[in-house]
Amino acid sequence: MWANLEQAISGFTDKVALSVEHDVSFDSLISSARVLRKTNSGRHYAVVRFTNMLQFVTELLAFDGYVEHLVLLPDGVDTDEVLRRIDADIKGDNWEKTSWWFASSGTTGIPSWNPHTSQQLCRAVVTGELQACLCWGLLYQATRFAGIQVILQSLLSGAKLVDAVSVNPQTSLNIMLSNGVNALSATPSIYRRLMMAKGIECLQPQFVSIGGEIAEQTLLDQINSLFPKAKVSHIFAASELGVGFAVSDGLAGFPLSWLNNSKRFPMLSIDSDDCLLLKVTVEKDYINTGDKVTVKEGRVYFQGRRSGLINVGGNKVYPEYIESVLHQCPQVLHARVYPKSNPIMGQLVAADIVSTEKDPKLAQKQILEHCNRILQRYQIPMFFRWLDSIDVALTGKVKRNE
């Protein structure tokens with residue numbers, strides 16, 4: 001096992017590592033990292049923000065294995081505040097591996113900060129001749145768990161990495177097409193926005209991974225149809241634990257046989273409240289992921305976050321499940337479901353819709369007919385907003401706490 005990130009990529013010599021304004025080789029990256037390290041020696045910790053991909057990766061290489069703590073700071077987060085929050089954990093004097101600190105997505109609350117070593121973060125990295133020929137398109141914020149996973153997969157396999165992050169999906173697609181991207185990883189929300197961009201059919205990836213949000217069967221079928229030559233997998237990751245698992249059989253959810261199987265990593269189980277439990281070793285206790293699941297016909301399906309429930313007169317509604325039903329409707333390109341206060345029922349279900357049907361009255365009629373066939377009455381959206389696009393947060397997930 002390598003001691004640090006620089007050592008891990010030292011075998012790729014003059015191969016291209018990054019495509020920025022120009023191509024940057026692995027050797028060039030390592031040389032720049034050594035210069036940066038020399039001018040910043042003796043530091044206890046390093047705070048790394050993302051300005052551009054070359055600066056960001058250079059700093060990762062410069063400091064992993066050479067400082068005790070590497071803090072990856074997302075946009076808009078105050079350095080002093082973060083250091084105060086993790087201060088109690090960064091004062092130790094004895095260390096062997098650099099702890100990488102990054103924030104969880106905070107999907108339904110305040111993001112937590114969790115440390116992991118680069119070796120732990122690389123457990124899911126796949127290497128080989130095929131992976132070394134890939135060009136990865138980065139669509140996540142680089143300082144987040146999912147972004148780090150893509151960056152490490154590209155670096156450690158000797159592949160090329162392209163920063164394709166943009167609020168405009170057409171810009172992201174154009175960047176990927178002009179750089180020959182043939183491997184990508186993104187949330188369902190990002191894929192739905194990309195599929196509205198002109199020329200998406202020209203992108204011909206070999207690898208496609210989906211993570212960060214529930215991968216519905218409708219989306220999996222759309223991606224498999226759009227990219228017929230790609231190996232498609234959807235990933236569940238717990239950023240607090242720095243682990244995850246991938247499903248590659250083309251179906252939503254995961255096989256029931258994976259539960260309580262000590263030979264699988266990470267180990268999975270379900271508690272009495274139907275929440276998914278996860279642990280990384282037999283000796284450790286299970287951790288509650290907060291994700292509600294249901295078992296149906298030999299498969300485990302994600303329902304949504306426990307903390308995100310809508311309470312309609314005492315009935316529990318999972319926004320993610322209602323969105324999955326809406327996405328099955330041919331007139332719906334993208335949907336976001338959220339609660340709306342009501343003096344009688346407490347809350348009712350509301351939905352933002354990006355639709356192929358430009359007549360809102362006709363679209364609502366068609367969508368309600370679809371919902372009436374599948375949902376219980378209390379689950380059916382009572383309020384609709386018709387949008388041109390649905391905002392996606394820097395984490396790549398649909399914005400819910402507005």
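Two strands pair if DSSP finds at least two bridges between them. Strands (E, at least two residues) and helices (H or I, at least four) are DSSP runs, numbered from the N terminus. You are looking at a predicted model, where local features need pLDDT of at least 70, side-chain atom pairs count only at pLDDT 80 or more, and totals for chains, interfaces and linings use all residues. Residues are numbered from 1 along each chain as its sequence is written, and side-chain values use heavy atoms, leaving out hydrogens and water.

**Stop one: the eight-stranded sheet.** Select residues 231–238, strand β11, which pairs with β12 in the antiparallel sense over five bridges. Within β12, find Ala 246, the bridge partner of Ile 235. Both strands belong to an open, mixed sheet ordered β2-β1-β8-β7-β9-β10-β11-β12. Its edges are β2 and β12 (243–247), each with a single partner strand, so one side of each has no neighbour in the sheet.

**Stop two: helix α2.** Now select residues 26–38. Phe 26, Leu 29, Ile 30, Ala 33 and Arg 37 are buried here (under 20% relative accessible area with a 1.4 Å probe, protein chains only; exposed is over 50%, partly exposed in between).

**Stop three: the five-stranded sheet.** This open antiparallel sheet runs β13-β17-β16-β15-β14. Select β16 (287–296) and β17 (299–305), joined over six bridges. Lys 292 has Gly 304 in β17 as its bridge partner.
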